[in-house]
Amino acid sequence: MVELSCVVLNDLHPTSFTATAREVEAAGLRTVFCYDHLSWRDFRDGPWFNAVPLLAAAAVATTRVRLGTLVASPNFRHPVTFAAEVMTLDQLSGGRVELGVGAGTSAEDAAVLGLAPLTPGQRQDRFEEWTTLLTTLLTQRVTDAAGERYRAVDARNVPGPVAGRVPLTVAAAGPRGLRFAARTGDTWVTYGSGQPRPEDSVEDAIARFLDPAARFDAVAGSAGVRRLALLGLDERGAFTDYPRFAAALAGAGYDEVCVHWPRADGRGAPAAVLGTVLAAHGLG
């Protein structure tokens, strides 16, 4: 049966975020993710808290649920300092971190450090170098590296992650990104093709995830990589018949579905169907 995870958005005060993480754990979901942005979309002018401290607060308030970034990127993260934060979070949580990473868009956070704009190809170049160094730092006690964009000089990461490494979830859509996800990821995450619309049916929602799955299946080395489908904050089509949606994604080879946890503003998974969503995954 396909597993269920959720995103809890970073606009919640840390106290509320932690309480929500406990609710998610009690419901039996696999992972609580939050977005690793400094600001995001139409939330830019309101409260927005940093991902790592939020997940650290959730780590000490929970015991089972996994905790992850969806996704961290090179837009404002340096591999050396970020590896130290991830290792510390993993130790704090007893080895429950899911490290989601992606190339970073040209929108949120892309210019926050005053860096010049990058083409999609340049962003992928940077991402591959960044991820390679990040994963090296998380599997070695001492690292020296001199790349085109990033350097590490006698970088220490002791004691390292609880299990010796942190599972890596790689966001990818294009051919080159899919190949990189197949080579490096434990899990591949996709947002589907196109954007969800308010009028979408469950058939529309299913269709958005079938083509990316087929394209990833065709990539060499993808057979052993888990598949994660991330539903949008304003997704509605999937929830018109969620058991059918979940069954279709399981049939297409997905291992996990990630929804946005129900929110007070009505966005995210509709609270009225949460019981149906949980039941479709054998929870609740």
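**View 1. The salt bridge between Arg 263 and Asp 11.** In this predicted model, the side chains of Arg 263 and Asp 11 meet in a salt bridge with an N to O distance of 2.9 Å, where a salt bridge is a side-chain nitrogen of Lys or Arg within 4 Å of a carboxyl oxygen of Asp or Glu. Arg 263 lies in the loop between strand E10 (256–260) and helix H8 (274–280) and Asp 11 in the loop between strand E1 (3–7) and helix H1 (14–27), so the pair ties together parts that are 252 residues apart in sequence; helices (H or I, at least four residues) and strands (E, at least two) are DSSP runs, numbered from the N terminus. Arg 263 is buried at a relative accessible area of 19%, and Asp 11 is buried at 18%, the classes being buried under 20% relative accessible area, exposed over 50% and partly exposed in between (1.4 Å probe, protein chains only). Arg 263 also meets the side chain of Asp 265 in a salt bridge (2.9 Å, N to O), and Asp 265 is partly exposed, with a relative accessible area of 45%. Residues are numbered from 1 along each chain as its sequence is written, and side-chain values use heavy atoms, with hydrogens and water left out. Because the model is predicted, local features need pLDDT of at least 70 and side-chain atom pairs count only at pLDDT 80 or more, while totals for chains, interfaces and linings use all residues.

View 2. Glu 98 forms a salt bridge with Arg 30, the closest N and O atoms being 3.3 Å apart. Since Glu 98 lies in strand E4 and Arg 30 in the loop between H1 and strand E2 (31–34), the pair ties together parts that are 68 residues apart in sequence. Glu 98 is buried at 3% relative accessibility, and Arg 30 is buried at 18%. A network of salt bridges links Glu 3, Arg 30, Arg 66, Glu 98, Arg 226 and Glu 256, and the structure holds 26 salt bridges.

**View 3. Thr 187 in strand E8.** Thr 187 is placed in strand E8 (residues 187–190) and counts as buried, at 2% relative accessibility. Its side chain makes a polar contact of 3.0 Å with the side chain of Arg 226, a polar contact being a pair of N or O atoms within 3.5 Å in which, within protein, one must be able to donate a hydrogen and the other to accept it, and residues adjacent in sequence count only if both atoms are side-chain atoms. Leaving aside neighbours within four places in sequence, Thr 187 is in contact (heavy atoms within 4.5 Å) with residues including Leu 168, Thr 169, Val 225 and Leu 228.

**View 4. Leu 99 in the largest nonpolar core.** The largest nonpolar core has 71 residues, of which Leu 99, Tyr 242, Phe 245 and Val 259 touch the most other members; such a core is a set of buried Ala, Val, Leu, Ile, Met, Phe, Trp, Tyr and Cys residues joined through side-chain atoms within 4.5 Å. Apart from neighbours within four places in sequence, the contacts of Leu 99 include Phe 82, Val 86, Leu 134, Leu 138 and Val 166.

**View 5. The loop residue Arg 141.** Arg 141 lies in the loop between H4 and strand E5 (142–146) and is exposed, with a relative accessible area of 54%. The C-alpha atoms of Arg 141 and Val 158 are separated by 5.6 Å, although these residues are 17 residues apart along the chain.
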